[in-house]
Amino acid sequence: MRVTPRLEIDLRKIECNARNLVQRLAQKGISVTGVTKSVLGSSEICHALLKAGVIGIGDSRIENIESMCHHDVLAPFSLIRSPMLSQIQRVVNSANVSFNTDINIIEQLSHFSLQKNIIHEVILMVELGDLREGIMPKDLMGIVAKTLLLPNINLKGIGCNLACRSGVIPDESNMSELSSLAESIELFFGIQLEVVSGGNSANLSWAFHCLNTGRINNIRLGESVFLGCDPLHRKPIEGLYSNAITLIAEVIESKTKPSQPWGKTAQAAFDCQTSALCDKSSPSDNSISQAILAIGIQDTDVAGLRPPSRVNIIGASSDHIILEADLQLGDEVRFGVNYSAMLRSMTSPFVSKQYLRTSNPMNP
Ligand SMILES: *Cc1c(COP(=O)(O)O)cnc(C)c1O
């Protein structure tokens, strides 16, 4: 049965994308953690990533990790956002590893791990310029010292995250700073860090082109695997599918209508600008073919949709997207999605998810 709106998710293409990146990065001594936060911790997608050779699954939400556990996904799970103080027990119960920047939280992780008689692993995140999460480099040694003293906590490594808040590009300079911080910790404390995690999909250019990746032996990938594109410039990555995920919506009205509204106008539901354009008292006779889709701002990021040719998006509200297009009632329209549109649709309960397993994709 046709269900709309829906996302068609081609698991083979996602698996191919992940395998391509895993293999190219392996040549650089870098492993891949698959990041599932943008796909609501989908266990189907998780299985595809694991088949492709990712070494573990990272998610920013404990709810997603719990859901993957309940769906019997067997993988090391990393909580890649700092745990909330109010969720420590859940973190210790479901995540093997968590990314941390605050010693108070690590103390609580230690407390509950001790109670449960398990070892919880910790990656310390370092601030290298993007100004999102991270310990300032000058404070790192002190926090490492305190972490090493805590019972039932294993310092698994360090990491950083760039490009997400301020768009700071991962490059030779900030990546070699991360490497030397790892070396200093190992030298000073006489320990071995198992993981030095350099960043996210925005690190791919650096990873492919730099001659010496230093101590960095892991990156965490979401967007590049699902959408086949490099988030720094949103350009397609060679050899990857950029059409693994498609959003499909259904036409619920199709009529010939004037191209401009009439009557006096003020603000529309999602428009802060008051259009001065329009104060027409009667419809113009400049008409277009207008179609309405049963999907809206509640279900996706309309600005992140790529419509097919001869279809233009000319408006949207909570539950409607308005097109200039020659379509009939009941027609389906297929859109490519960017990260924001994918994220919103994947996490919307109103958009059904259809997994394609049987496709035989031709070369991208
Ligand atoms: C979201 C996120 C990632 C993955 O980012 P992509 O751009 O989707 O590859 C990696 N690490 C952290 C800490 C994140 O929050």
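A salt bridge is a side-chain nitrogen of Lys or Arg within 4 Å of a carboxyl oxygen of Asp or Glu. The model is predicted, so local features need pLDDT of at least 70 and side-chain atom pairs count only at pLDDT 80 or more, while totals for chains, interfaces and linings use all residues. Residues are numbered from 1 along each chain as its sequence is written, and side-chain values use heavy atoms, with hydrogens and water left out.

**View 1. Salt bridge between Arg 215 and Glu 186.** The closest N and O atoms of this pair are 2.4 Å apart. Arg 215 lies in the loop between helix H8 (204-209) and strand S9 (218-221), and Glu 186 in helix H7 (residues 172-189), so the pair ties together parts 29 residues apart in sequence. Helices (H or I, at least four residues) and strands (E, at least two) are DSSP runs, numbered from the N terminus. Arg 215 and Glu 186 are both buried (under 20% relative accessible area; exposed is over 50%, partly exposed in between; 1.4 Å probe, protein chains only).

**View 2. Salt bridge between Glu 66 and Arg 90.** The N to O distance is 2.8 Å. Glu 66 is in helix H3 (residues 62-70) and Arg 90 in helix H4 (residues 88-94), so the pair ties together parts that are 24 residues apart in sequence. Glu 66 is buried, at 16% relative accessible area, whereas Arg 90 is partly exposed, at 33%.

**View 3. Salt bridge between Lys 138 and Asp 139.** Their closest N and O atoms are 3.2 Å apart. Lys 138 is exposed, with a relative accessible area of 69%; Asp 139 is partly exposed, at 33%.

**View 4. A network of salt bridges.** Arg 2, Arg 6, Glu 8, Glu 250, Glu 332 and Arg 334 are linked in this network. The structure holds 15 salt bridges.
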